[in-house]
Each structure stands twice: as structure tokens, then as C-alpha cells.
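Work through the exercises below with the sequence and the model at hand. Each task is followed by its solution.

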Amino acid sequence: MRHIISTLFLALVVAMLASCGNSGEQAAAEQDRYHINRSDTSTIKKAHKSVLILSGSPRRGGNTDLLCDEFARGAKAAGAQVEKIFVSDYDIRFFQEADERHVADSADVATDDAPTIVRKMLDADIIVLSSPVYFMNIDGQMKTLIDRTYSHYTDLKNKEFYYITACADNAESTADYAIAAFRGFVMCLPNPTERGMVKAIGLGRKGSVKGTAFMQQAYELGTGV
Ligand SMILES: Cc1cc2nc3c(=O)[nH]c(=O)nc-3n(C[C@H](O)[C@H](O)[C@H](O)COP(=O)(O)O)c2cc1C
């Protein structure tokens, strides 16, 4: 009996250790949960792809904003047509019941800037979603904009997505909360493809991302569009 118990205990410890060392598989399983296509190469067969970068931090020149710039630089070098939007510059109000109507039908209902940005999202081949981690989530600017796509989210089809986030914490699992928020949106769209992400950790101070490997990572992701 003692032998069986100690064998079972040993098997349990081995299983726990194996699962700890399996972060690659865990990441894949986590992604599968969202039913989002993943591709290392572009699925969009166009010479000049259009890229819309949604820079979601309220800190202009902050960490995610700088990473967005690096991504833009890379994407331009790759021949893409790039537009970066600093979301905080726009008047985007909370989703209201009236916003359930189709954007095309409700141009006179929504008087803020949300329909303009949603149209840019509809026109883009590739969308970069970026936000700092705010209380283990994305920030209010990005969430409010995402909610305002509601009247057109089923038209946001066949798009490719990149995610950019930054956080003060040194643990990648903290950045994953923002990634999960982005994925929660993207998984609701028709046939999206996830192309890549930057999870810039250990960055509390504004601009502290400068000179880190995350900048190079963002540039290289951009060149891959
Ligand atoms: C309201 C607020 C909430 C934050 N919450 C977190 C958090 O939950 N975890 C974390 O690691 N950092 C958190 N931070 C720090 C930011 O994620 C970090 O400073 C990040 O680099 C900011 O990016 P930005 O320069 O692009 O704005 C928070 C910052 C603010 C202002």
C-alpha cells in the first residue's frame, strides 16, 4: 500500500514538473482556447497592405506608443501603407444602446469620432491593437473603442492582428492579461489571423522601453507584415 501511495505521489510530482517546463505548449493551448488563426506569414496577398496602428495609451511618447512607432517604421520599410492613430486624441464615448444600430444607418446618431475610426478599421488589412496593462487589463481608451465597433464587428472580417502591450511588472503573465483582452475581441470577429505580439515587461517609467530589445522586436514584427 505504501509503495502504491509513494508511486502515485512521485507520478504527481513528475506531472507537475513537466507542466511547469511546458510553457510553449501552454501558450499554444491558451491560444487554442480563443479559436483565432495563427500565421507566421501573411495571409493577405497584396503588394501594398494597409496597416492601422491603434496606439491606445494616454501617454504620448510612452512605452507602447514608442513600440507602435517602431512597428510602423518596420511596416513602412516593408512597403506597407501605414496609419497610426493616437486613440486619446479622439472623442470616443462609451457604448450606448443607440450604438447597437449599424454604423452606416446611424451616422446621425453617433456624433463622436468612433465611426471614423471604425471605418478605418474596416478599410485596413492589418490592425495593431496596443495598450499598456492597466489593473491587469487593457486601458479604458482601447476598451471603449473596441466596444464601439459593436455595430460593425461582423464586417471586420479576414483581418490580420498584432498586439502590443507594456507593463511595470517583470512577469510576462501580467502582460498576458492585456493580450487576453485583445484576444477576447479578436475571437469575436469573422476569420481573424493573429500574426504576432510584443509583451514589453518591466517598464514602469515613461519611455523606459527605449534601448531595450522590445524596440527591435516591434520593428522586426513590422517588417514582417
Ligand atoms: C492606471 C494604471 C494602472 C496600471 N496597472 C498596472 C498593472 O496592473 N500591472 C503592471 O505591471 N503595470 C501597471 N501599470 C503600469 C503601466 O502598465 C506601465 O507603466 C506601462 O509601461 C505604461 O505604458 P505606456 O507608457 O505606453 O502608457 C499601470 C499604470 C497605470 C497608470
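Predicted model: local features only at pLDDT ≥ 70, side-chain atom pairs only at ≥ 80, totals over all residues.

Residues are numbered from 1 along each chain as its sequence is written, and side-chain values use heavy atoms, with hydrogens and water left out.

**Exercise 1.** Describe the surroundings of the ligand.

Step 1. The ligand is surrounded by 17 residues (a heavy atom within 4 Å of it). S57, N63, T64, V133 and L203 are the closest.

Step 2. Look at the polar contacts (pairs of N or O atoms within 3.5 Å). A polar side-chain atom of S57 is 2.6 Å from a ligand oxygen atom. For a side-chain N or O atom of T64, the distance to a ligand oxygen atom is 2.5 Å. V133 has a backbone N or O atom 2.8 Å from an oxygen atom of the ligand.

Step 3. The ligand alone exposes 640 Å², and the protein buries 78% of that (Shrake-Rupley method, 1.4 Å probe).

**Exercise 2.** Examine the pair of F71 and Y162.

Step 1. There are four aromatic pairs in the structure (ring centres within 6.5 Å). F71 and Y162 form an edge-to-face pair (planes over 60 degrees apart), with 4.8 Å between centres and 65° between planes.

Step 2. Because F71 is in helix α3 and Y162 in strand β5 (residues 160–166), the pair ties together parts 91 residues apart in sequence.

Step 3. F71 is buried at 0% relative accessible area (buried means under 20%, with a 1.4 Å probe and protein chains only). Y162 is buried at 1%.

Terms used:
Polar contact = N/O pair within 3.5 Å; in protein donor to acceptor, adjacent residues only side chain to side chain. Phe/Tyr/Trp six-rings, centres within 6.5 Å; stacked < 30°, edge-to-face > 60°. Helix = DSSP H or I, 4+ residues; strand = E, 2+ residues; numbered from the N terminus. Buried < 20%, exposed > 50% of the residue type's maximum accessible area, 1.4 Å probe, protein only.
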